Amino acid sequence: MIESNIDSLLSFSAKVSWFLLTLYALLIFVNTLWDHGPISALIRLFSFRVLVPFLFVVGLSLLSLAIVFIQPQEVGVVVSVLSAGGVRPQPLRAGFHWIVPLLESDVRYPIYWQTYTMSGSPREGNELGDDSIRARTSDGQEVRLDCSVIFRIDLEQAVSVHIDWQDRYIHDFVRPVMRGFVRTHVSQFTVSEVNSSKRKDLEAALDRELRTEFANKGLDLDQFLLRDITFTPEYAASIEEKQVALEGKQQTEYEAQQYRNLAEGRADAIEIEARAKANALKAIAEALDKNPDLVTYEYVQKLAPNVQVMLVPNTAPFILPLPSLTPTGPLTATQAFTSTLMTTPGPHFRP
């Protein structure tokens, strides 16, 4: 910071000194012209009173030109008539340096990270208006890409950058190289691939290729960013229609699966019910096999609550109401069944 202040102070002092010297010489010339004429006025300009201040100002200016302070975020390239090729082979790093006044001069370049953006949005890109990159995919679809590169000048190659590009390295190298590489790589993908997971592959390929190309020209690439991809209105509409159709298909498949699940549930219920009935019939068969009289019992249980008189075949037992045994109402099923078991075919009984 001290060296920077010294450099600035010397430069400012030299400019002020030239201004004051000019006023001083003009005053002497006017006064001499008024008193002694123009010839005496011209001679007075080369007098000791003017030459001493003049030599001082010249020395101060030469000192200001000889002192160079390079900021930490800069690199200096010395253009010199004393060096082969007109430029010093080594750049000036940050700090205090001396150069030969009038025979050498320094050109400074930033070595901090710079971001160059090409975007369709006027407020985002480095250029006004729509500056996005138009490219065509392998299947003929047009896409627009918003891209950014983060880069800086390689300090060791600053001299080569100056020789090749000077301060035109952004517009004459970075910009056209980005456009060319993006268009070339996009043409190797279909529009559906650009709009899918292949986008990462595209971005990685561009980063790799640009990194190599930038390094060959003295620039360090930190990152290539594929910020946005815009499709034509027709393609965007077709994508929306496909998405709606896909969602409809998924909804239909979901409803169909629900119906299948419901049908399978009903089939399972029917199967369970059938299995239960089969088990019940099996249990009944086993019970009848052990006690055949259960059929008669069930038969009487169904009829007993309401029957008063019943006629049965002459080969089967018959049941007659026994009011004396049931003073409060009809026989119960158990009583009727017991009566039946105690009754054998023979003469009829009167009630």
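How many aromatic pairs does a search of the whole structure find? The search finds five, where rings of Phe, Tyr and Trp (its six-membered ring) pair if their centres lie within 6.5 Å, and planes under 30 degrees apart count as stacked, over 60 as edge-to-face and the rest as tilted.

Select Phe-96 and Trp-98 to begin: their ring centres are 5.6 Å apart and their planes stand at 85°, so this pair is edge-to-face. Phe-96 has 34% relative accessibility and therefore counts as partly exposed, a class lying between buried (under 20% relative accessible area) and exposed (over 50%), with a 1.4 Å probe and protein chains only.

Next, select Phe-151 and Phe-214, an edge-to-face pair with 6.1 Å from centre to centre and 85° between the planes. This pair links distant parts of the chain, since Phe-151 sits in strand 7 (residues 142–153) and Phe-214 in helix 7 (residues 198–216), 63 residues apart. Both Phe-151 and Phe-214 are buried.

Of its 351 residues, 30% are buried.

The model is predicted, with local features needing pLDDT of at least 70 and side-chain atom pairs counting only at pLDDT 80 or more, whereas totals for chains, interfaces and linings use all residues. Residues are numbered from 1 along each chain as its sequence is written, and side-chain values use heavy atoms, leaving out hydrogens and water.

Terms used: Helices (H or I, at least four residues) and strands (E, at least two) are DSSP runs, numbered from the N terminus.
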